[in-house]
Amino acid sequence: MTWAVLVPMILLGVFKIVVSSLPNSTVGWFIGRFEIHSKLSDADASVSIDGKRLESEDKTQVIHYFNEATFVERYLVFPGYEQSYLHPENKGIPVIIDTKEGKKGVRLFVYIYNDRINVVKQHKKKIVAYRLLSESLQKMFYDSDEDVS
């Protein structure tokens, strides 16, 4: 009876020590696997608005503002409703960012409104939608004469 209790306790203690002393790089990699709003790199991303590619300083500024944006919430995308997220009714012109996450190509559709930023992340047929807040990005693209919300 004692061995039945003692062996699992020892194994649980060893597991606890191993998990609590992982290196920072391993923890960062593990957390990055589940991150929705991941950081973009300037070298891997291409930014286009209304079919026109942004170059140099404008591209760098958009990527910087996007990386600094605050994640607010994730939207649930139910099967069959993907197109309503990719092409919303009051959308305006999206900022399209093509980038890579690891070896996978990802396309981000960024819809900028006066009070929020909606992002639709598309990888093949998988879609994830979420909302951001970034005053800098909103000021850069939002025209105050147009009421889009």
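This is a predicted model: local features need pLDDT of at least 70, side-chain atom pairs count only at pLDDT 80 or more; totals for chains, interfaces and linings use all residues.

Residues are numbered from 1 along each chain as its sequence is written, and side-chain values use heavy atoms, with hydrogens and water left out.

Seven strands form an open sheet in the order β2-β1-β4-β5-β6-β7-β3, with antiparallel pairing. Here helices (H or I, at least four residues) and strands (E, at least two) are DSSP runs numbered from the N terminus, and two strands pair if DSSP finds at least two bridges between them. The edges are held by β2 (52–53) and β3 (70–75); each has a single partner strand, so one side of each is left without a neighbour in the sheet. The partner of β3 is strand β7 (residues 126–133), paired in the antiparallel sense over five bridges, and Thr70 stands opposite Leu133 in β7.

Helix α3 (residues 56–68) lies across β1 (46–49), β3, β5 (104–112), β6 (117–123) and β7, and runs at about 100° to β1. Such angles run from 0 to 180 degrees between N-to-C directions, with axes as lines fitted to C-alpha atoms, for helices over the stretch in contact; contact means heavy atoms within 4.5 Å.

Strand β6 contains Asn118. Asn118 has a relative accessible area of 14% and is therefore buried (buried means under 20%, exposed over 50%, partly exposed in between, with a 1.4 Å probe and protein chains only). Leaving aside neighbours within four places in sequence, the contacts of Asn118 include Phe109, Tyr113 and Tyr130. Its side chain also joins that of Tyr75 through a polar contact of 3.1 Å, a term for a pair of N or O atoms within 3.5 Å in which, within protein, one must be able to donate a hydrogen and the other to accept it, while residues adjacent in sequence count only if both atoms are side-chain atoms.

Two aromatic pairs are found in a search of the whole structure. Rings of Phe, Tyr and Trp (its six-membered ring) pair if their centres lie within 6.5 Å; planes under 30 degrees apart count as stacked, over 60 as edge-to-face and the rest as tilted. Phe30 and Phe34 have ring centres 5.4 Å apart and planes at 70°, so this pair is edge-to-face. The rings of Phe71 and Tyr130 lie with centres 5.7 Å apart and planes at 45°, so that pair is tilted. Phe71 in strand β3 and Tyr130 in strand β7 are 59 residues apart. Tyr130 is buried, at 1% relative accessible area, whereas Phe71 is partly exposed, at 35%.
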